[in-house]
Each structure stands twice: as structure tokens, then as C-alpha cells.
Amino acid sequence: MKFGYSKTQFSWKEAFHGMGGLIFILSILLTLIGLLFIYSASPKRGADNYMNRQASWFLVSIVAFLITVRFDYLILVKHSYAIYLVAILSLIATHFLGVYRGGAKSWLKLGPMLLQTSEIMKIAIIFLLAKVLSDETKKNGGIKELLYPVLLTGIPMGLIVIQPDLGSSIIFVPVAFAMIFVSGIRFKALAIVFLIMVNLAVVVYFYGLHEYQKKRVLMFMNQDSMTREEKRSSGYQLEQSKIAIGNGGLTGRGWGKGTQNVYGLLPERHTDFIFAVIGEEMGFVGIFLVLLLYLILFCSMLVTSYTTLAVPGQLIIIGVMALHLSQTIVNTAMTVGMAPITGLPLPFMSYGGSSLLFNFISIGMVVSVAGRKIL
Amino acid sequence: MQEMVKTRIKWILAFMIAGFPFLIFRFFEIQYILHEKYSDDAVRNLDRYKDVAPRRGAIYDRNGKLLVKTSAGYALTGNIEGLFLQIKEGDETREILNEESINSLVNLLMEHRENKKDKESEEDKENEKIAMIEEISEKALNIYRRVQESIETTLLPHKELAIKSPSKYALKKKDAKKDYYRRKYPIWDNISAQAAQAFFCNKSYFCPYQEDKNKEEKYKNQEEKDKKNFKDIYPGFHLEFTIKRNYLYPDLACHLIGRLGLVENFPEEIRDSLIKNKGYSVRDMIGLSGIERIFEDALRGKRGCKVQSREDKENSLYLEKSIDGENIYLSIDKDLQEFAEKSLDQTVEKYKSKEEKDKGAVGGAAVVLNIYTGEILVMASSPRYEIEKYSENYKDLKDDPYFPLVNRAISFYYPIPPGSVFKVPVAAYVLQNGIIDENRCFVCNKYMYERGRFACTHIHGKIDLVHAISGSCNIFFYHLGEMMGPERLEECAYLFGFGTKSGLGFGSEESPGFIPTPARSASQGEHWGDGKSRMFGIGQLINATPLQVARSMAMIANIGIMPKLCLVKKQNQGSGDDQILVAQKGIAKEAYVANEDWKWPISQKNWLLIKQGMARTTEGPEGTAKELRKKLKGVRIACKTGTSQVKGKADHSWFAGFFPLEEPLYAFAVLIEHGGYGATAAGPVAIDLINKIMQK
């Protein structure tokens, strides 16, 4: 084997003792808090509310987590090209056979359930980049060797953009960036990458965005000088979200008592704006605690990565962390107008079965790395 | 490499921990520093501004009998998308009625009927249910047909595409279908409040109507319904709160009362200007014709506005109270109007030609007005339509050969000469202007010149004016026409209100009528000879409506003073004090003002002569309507028959005059289109009506 680690051994004790266990417990804690507020944000309070559905997905996710933990990640890394190919094919299949949900053709129907194929791609790209970037034979940290990983990331991004799901596509950038950064790119090369990305962003803004998306970005820029008309149309979500959070104050209105939430004034409140519901009902204290939990989660991932001996394993953890970190930052920041409004969910908390399932699979990957000793 | 990775991980950790406070501070800013602003916003967010619709004014008759009222209620509407199931068979999709939905709806309606009988056999119930299902199914199928037609019409401009690129055409068709299949069409009016509640509770999760004590039960029911996915209990049916116009007598004075329509159905430009300039909203009703249109401003009232908090739905703050529309008291007498309409209907039916449709009577009209106040007591037209079912039956009504949509009392949809009734104004004119005196005689030998078209009905021999009126001698009036010449004939016609609009403001009264002049004849390439003056003299070339004829009779009865026509006795606001208002609001003012000086005094002597001639129509042995005298119950009338000729068809039958003879109070005119001889078709209708009025 190329990496020089011929055998690994997994032990549950190793996995849950220390950081792995903390990561798992934090994920469950965040999901439970999410369930609580999904219930509060459910328009229906009967048996058929969103919480019950999400809870059943939660159970499925735990099972998926336990299965993922048992996989040998090094074997997966070894076959990562195959996984990548399968994921690319599934994206192409989605393009032709997919189902529309919320205006984007990003779902594949598998029997009774719908699968968001970009989620598979996120996992696949982490494994593949872990393989490619940990290859020490081509290492000098220069800009040229970046071309290949960038190309590998660019292909699926393009496929997801045309679905069109810009949010899911953009999230590949921080993941790839973090993994490349950690794998030892020089700061000079980093500066060049940064400049290229800024230019790319400008091009995307003018040629790649829909009118409504441009409006959201503009609204984000001028949010303090919105006219009354804008507050009702393109700026509605942002305005309502800020009112909800501001209405919460220090200690919040109480669970199930936020007026913005209960009277349905906050749009997308059980999915993209679940954080605003927490802000309104639990106040600054609740927000602070939840963000702290996220911070501890990400820190413990970093620590796990730090202590892992195999580079691919380290990179996998960094990739997963970057995925969740970027989504968390974008989602929470957008509720208070620090980021433009994108359709990105809050990891573990937003309503959405498929998303929760893959969150736990990725956590499974992290715990798997933590629990595997290299012999 | 491992070392490098570790260093970089430290970097990331440092960035993350350094960035965390920024995010936290932003939340702190919004939740603590700006908390008051945002919580104010949140409270304001709970307010909902709602329009409060005013109640449209009611319409009464002159004696305070209610004719039209406004009531609030619930109505069921349906859309094709839910009412019809789409079944795929190979490439084709068939659409069949969703019977399950209709069944469950009927079950609900049966359960909450308003007039439930105490004891009812199962069989009766079953029958009623079946009838209801059939009715709703039929209505649904009707809607389906209408929708398909509408889709066809929308696609018409794109017909070329069908050949050029079928796929684009299919796309257009799909879009049109999608649009029309989602539109809601009325299905069932007058849903009882109970049924509406039950329907609403079944369909939506929150049920504001049920009381709290039933809460437990409610949740129990709710769970069962949740299982059924309550959205699909009555697919395709929707409940709407409506403000309905109730017509207590479906077709009484339908042309006069007029129709209402939704603002949203107007062409875009007009709709926008109505909304912008007059404060209508899209779902508002607006008068389209008749009284509803003329008095729109008074009837509609003023929209109010209230604020309601989402948290407290019980109490709301009125920013502006709505003001209900004013009630209108028509000058029409409901009993007389009804009577006139019925007897017109019967007479028209009687004189309809059984063999050839267009040769017999096609319709009729009757007008009675007060000669002093100008109040119109009766303005009947036959045939009529039911106002409520206008849009439903529009196609049939439009294509009806008897034109039920036309108000025959007032409109010139078809030129009708007044015929011999015009002889009365002519007689008044010649006497008053001294063209002849009462002793001047002409000789009537049936023909003016041995034979030809200038003929009379009888051989009257040597005849004077009084007898010429009662006997309706054509020869006498041919001579008068010739003597007067076109200028004076024209003046006479205008003096007595021919060629002039009524001034009531009806939209259907587009034309003032036609008065022939030499200039007009010349423009049509015809020479004006004495022949034309003669025909004009007996009322043949000119056109007139029954209202114009009645008005000219009123002017004669009133010794040369033209009354100001009006349809409304008074208007009042809701239950407030009566506000006597005789034709000042709404009615076209210019015509009203013009009437002010409409005087052309007739001397007492001449007036008596004309009255004598008109009285002899029924009383004299030479009178054209002497058979009708015995039908009159204790009242003497002054009248004139008219039989105006039409080429190739039966004559129009006219009967006009005023009564009581001694002290005239009312003027009247009755027309039966193509009814034949004046005294046989129109006469009896008028006499019956006069008897009825005098009995009152």
C-alpha cells in the first residue's frame, strides 16, 4: 500500500473514548435541540408534524452512523476514484431522471425515498481529495499541483450548478480549500488562489446568477437602507428573520411562543430559518449556547484530526469539519444579514431527512477515523 | 507532511476561535442593543389590515316593497383540477368526474340542511340526496364544458403554431389548461352557516368556529382526519364568503334594475382606473346596467378599514368605519309592474305567429307615468330574463330571436314608427299654430287619389279634426302633413319629445331616435316630396320608443308642460331618516335641466278639442277602440290607437293616451311589436292596466 499503513484495527472503545465520543454526543445533542424547535415551527400540531418525521429520520441516521463507523476508511480512500465515479454518474442520472423539489432537479427517486445526489458527492469528494492530497510523491506545495484537485472539485460543482442548486455547489469550495490548505499549500500559492477566487466570484455574480439571486446579494449589501417595498418582496425573508431574532431579546419569548414563528410570519422557519426560531424563542442565551456547542464540535474535530496519525484520515476529518463549519457559518450569519440568503440548511438542526442522514454519515467517518489504530 | 498538517490545523483553530466573537457580537447587537426596535416591529407585524366591505343599498318600489337586497353568505366554488380525475389510458388521458368528492360533499350538505323536516322517511332522504348529486354533477359538467370552450378561445390566436410546431402548441395548451383548471367557478349558493362551518373545519386544520369545550373531542376528530389527509376530503371544492345580491322577484323589471358585475372582469385599463380613481377593489361588485349603474355611487357605500391583531382575533380596531350604501326607492309600483309584465307576456304569446317565427309578435313594452311629477310607475318590457342567471344563460339570451336582453320601453334596437299615435301631437300643433281650425273639414274617400299608397282604413266622408283623431283618418292627416311641410313637422316632433333622450341615464338608450328631415333624405339620395310630408304626418317615417310616446301624451295631458321623467322617489341611508330626493342625484343632469323650461302652452279651447277627439276613440261610434269601452271599469280615458306599418311583416300595435279624462293624472303607452291592429293587441293590455291602477 502506498501510504505505508498496511493494517488498521478498529475498536469501539477507542472510537468513543475521548474526542470521538464527544463529537457523537454533540451531534446528537444538536439534533435533539433541532427536533425541539422543528416541533415549535411545525404548522401542524397534530400527529403528522414535521418533528415526528424528522425523528424517524434521526433513527435511520443513527443506524447509518453505526454502519459508517465500522468501515475501514483507508480502504474507502483506496477506492475513492470508484466512489467518485459512481457519484458523478448519479449526478448525471439526476440530470436526466431526477425529480423537482423546490425548483431544482436535484433528487433521485429510489423506491419510496428521495436521495439528494449532491450529498453523496460531498462524501465522495472528501475521500478523493484525501487520497490525492496525501500523495507525498508529488509534494512541493506549489501552485501547479493544485490544478488536479481543483479540476476534480470543479466537475461535480458544475453538474450541481446546472440543477440549479448554487448553494450546494458553492459549499464544495470551502471543503476543497480547507483540505488543500491543510495539506500544505504555500502561502504564496494561497494568495494567488485567493485572487483567482475573488475574480471568479465577480464573474459568477454577473453571468452565473439568476435575477432573484442577484437581488438577494444586493439586499444583503444594502440591508440597512431597504425601502418598504423591498422589505415586502426581495428583502422579506431577511427582514422577518431579523425581526424574529431581535424580538427574542436576551432570554427569548419562550418555547412555542415566538410570534414571528407561531403566526407564520417567518418564512421557511422549520428548514433554512430554524436558527431564527431559536433566536426568537430562546433569545441570545440560547443562540450563544447553540453556537458554543457548534464551536466545541468543530474544535474537537480539529483536535481529533491533530492527533490522528494517518494523513488521509486527518484530511477526511478536515473536509467534514469544513463542510459543517461553512454551512453553519453561512446559515447562522444569513439570519442576521451577515451573509446573503442561500438555501443552505443548518447542519443537524434544519428539517430535512436526507441532509440529516448524510450529516451523520460524515460524523460516522470522523468517528471511524478516530477509532482506528494503525498497526 | 504530518508536521505541516498539524501546523495548518492550528491555523484553522486559531481562525475559528478568533472569528467566533464576531458572529456572537452580531447576535448580541440585534438581540440586546436593537431589541426594542425589533420587538416593536414584531408587534406591528401582528397587525393585519383588513378592508371592511360596505353593504350595497337595497332597492324598493314606491310603496316600500323590497325588490333587491344584499345578503352575506357562503358559496361553494369548484375547480376542474379537483373535480375531475385524470385517468391515463395509453397515450390518452381521460377526465372523469370525481364522484367520491361529490358524494362526500353531498353527505355534508345533507347533514346540515337548513329546512330539515322532523319526520322524514329514509326514502325521501335518499331521493333528495340523489337529486342533489345529480344537480352538482351536472353543474360540474357544465363548468367542464365552459372551461374547455375558454381554453379553445385562448388558443385561437395560436392556431398557426399547431401546424408549425406541434410541441410549442402543446406547451401553450398545457399552460392554458393549467390556468383554467385551477380557476374557481360557482357551484352552489346559499350554503347554510352550519354546513359552511363543517366544511371549513374538515378542510383546514385550524377551526376557529368550534368552541373550546369541544376541544378534546376536536383533537380526537382531528387525529382521525389527519390519517385521511384532510386536504383530500372534498377535492376541487372551495368555500367562499360572498356578498350576494338577492332578487326577490327574479325577472321583475330586470332591464330597469340592471345587472352587477365583478370589477376584475373589466378590461385591464378600465379596471385599473376604477381601482385607482374610485377606490374599488378587484373583488368588488359594480353596477353594469340599469338602476344599479345609474345609482352606483349611492348604492355602493364606502369601504372601511380595520386593524386586527393576529394574537387577538376577537377585537379589532376600526380605522375607518364602512358606510353602507343608500337604499333606493323606485318610482315603480311593484304590483303594477308585475301586472303589466304578465299581461304583456300573455299578449305577445297570443299574437306570436305559429307558422312563421319572424312575422308574428316578438315582444312588447308598456310605460305609465305621472304627468305632473314625471315619475314612472310602470316600465315593462317583454320578454325578459332572470338577472341572477344572466351570465349562466348569456349565450342563449344573446342568440334568442326575441331579444330578451333589450329594454323595449326605451331602446331603439329596432326602428319602430309611432304610427297614428303621432297624429295627436300633429293635431295639437296645427290647432295651436292656427294652420287649421276645428271647423276645417277634409273629404275621405278611402283613397287620397282614387287609389295608391295614400289610403285610409275606412271611408270617413267629410270629416273634421275631432273625428279625424277618434277615427284615425289617414287622409285628414295626409293633408295636414302636406300643409305643414317638413320644417314644421320636424319642429312638432321635437316639441313633443321625439328625437330626444329620456334623460334617465340608461346605457341601453344610446340613440335619441330618428326624425326625418329633407337634409337627411338628401344625404341618402332621396328626394323629399309631399309624399314624405304626408307619411310623416301620420307618424310613419319617424321612430319612437314607448317612453317617448308616453311622454308626449303626458305633455298633452298637462296642457303643454313636459314633465321631468324620473325613476326614483327617494334615496335613504340605511335605516336613517328619509331623504326626499326627486331625481336629483345620478340622473343625467343636463337632460333634467333642459326639461325645466320645456313648455309649449296649449290653449284651453284647443286642449279640450284634442281631449274630445281622444275620448271619442273609445266613446264615439267612429272610434277606433270603441269595442274596448265596455272593458273600462268606471273610468273615462283619452287615448289613441296606432298601427304602424312595416314592410313584409305584421304591423306594430300601439295604444297610448292619458286618464282619467276629467282630471288627467297618468299618461301611458303600450306597444306590441308586430302585434297587428292597435286596438286589438296593445289596447286590452292598456285597458287592463288602467283598470288596475284605478282600483288601487
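1. For chain B the average pLDDT is 82, and 88% of the residues score at least 70. Residues 573-594 of chain B have a pLDDT below 50, although this stretch has 37 contacts in the model beyond near neighbours in sequence. Residues 226-231 of chain B also stay under 50, with 8 contacts beyond four places in sequence. Where pLDDT is low, the predicted coordinates should not be read in detail.

2. The largest nonpolar core has 116 residues. A:Met301, A:Ile316 and B:Phe27 are the residues with the most contacts inside this core. Helix α15 of chain A, residues 274-307, gives the most to the core, contributing 17 residues.

3. What does B:Phe27 touch, leaving aside residues up to four places away in sequence? Its partners in chain A are A:Ile245, A:Phe275, A:Phe284, A:Ile287, A:Leu291, A:Thr332, A:Thr335 and A:Val336, and B:Tyr32 is a further partner in chain B. Another core, of 101 residues, lies apart from the largest one; among its residues are B:Leu330, B:Ile410, B:Phe506 and B:Trp598.

4. B:Ser420 deserves a separate point. This serine is found in chain B, in the loop between α15 (394-399) and α16 (423-432). B:Ser420 has a relative accessible area of 9% and is therefore buried, the limit being under 20%. Its side chain makes a polar contact of 3.3 Å with the side chain of B:Ser472. Not counting residues up to four places away in sequence, B:Ser420 touches B:Ser472, B:Ile538, B:Lys640, B:Thr641, B:Gly642 and B:Thr643.

5. Over all chains, the structure holds 0 disulfides. Why is the sulfur of B:Cys492 too far from the closest cysteine sulfur for a bond? The closest cysteine sulfur, in B:Cys473, is 18 Å away, whereas a disulfide requires sulfur atoms within 2.5 Å. B:Cys492 counts as buried because its relative accessibility is 0%. A:Cys299 is likewise buried, with a relative accessible area of 15%.

Note on methods:
Residues are numbered from 1 along each chain as its sequence is written. Chains are lettered from A and ligands numbered from 1 in the order in which they are written. This is a predicted model: local features need pLDDT of at least 70, side-chain atom pairs count only at pLDDT 80 or more; totals for chains, interfaces and linings use all residues. Side-chain values use heavy atoms; hydrogens and water are left out. pLDDT is the predictor's confidence in each residue, from 0 to 100. Contact means heavy atoms within 4.5 Å. Buried means under 20% relative accessible area, exposed over 50%, partly exposed in between (1.4 Å probe, protein chains only). A nonpolar core is a set of buried Ala, Val, Leu, Ile, Met, Phe, Trp, Tyr and Cys residues joined through side-chain atoms within 4.5 Å. Helices (H or I, at least four residues) and strands (E, at least two) are DSSP runs, numbered from the N terminus. A polar contact is a pair of N or O atoms within 3.5 Å; within protein, one must be able to donate a hydrogen and the other to accept it, and residues adjacent in sequence count only if both atoms are side-chain atoms.
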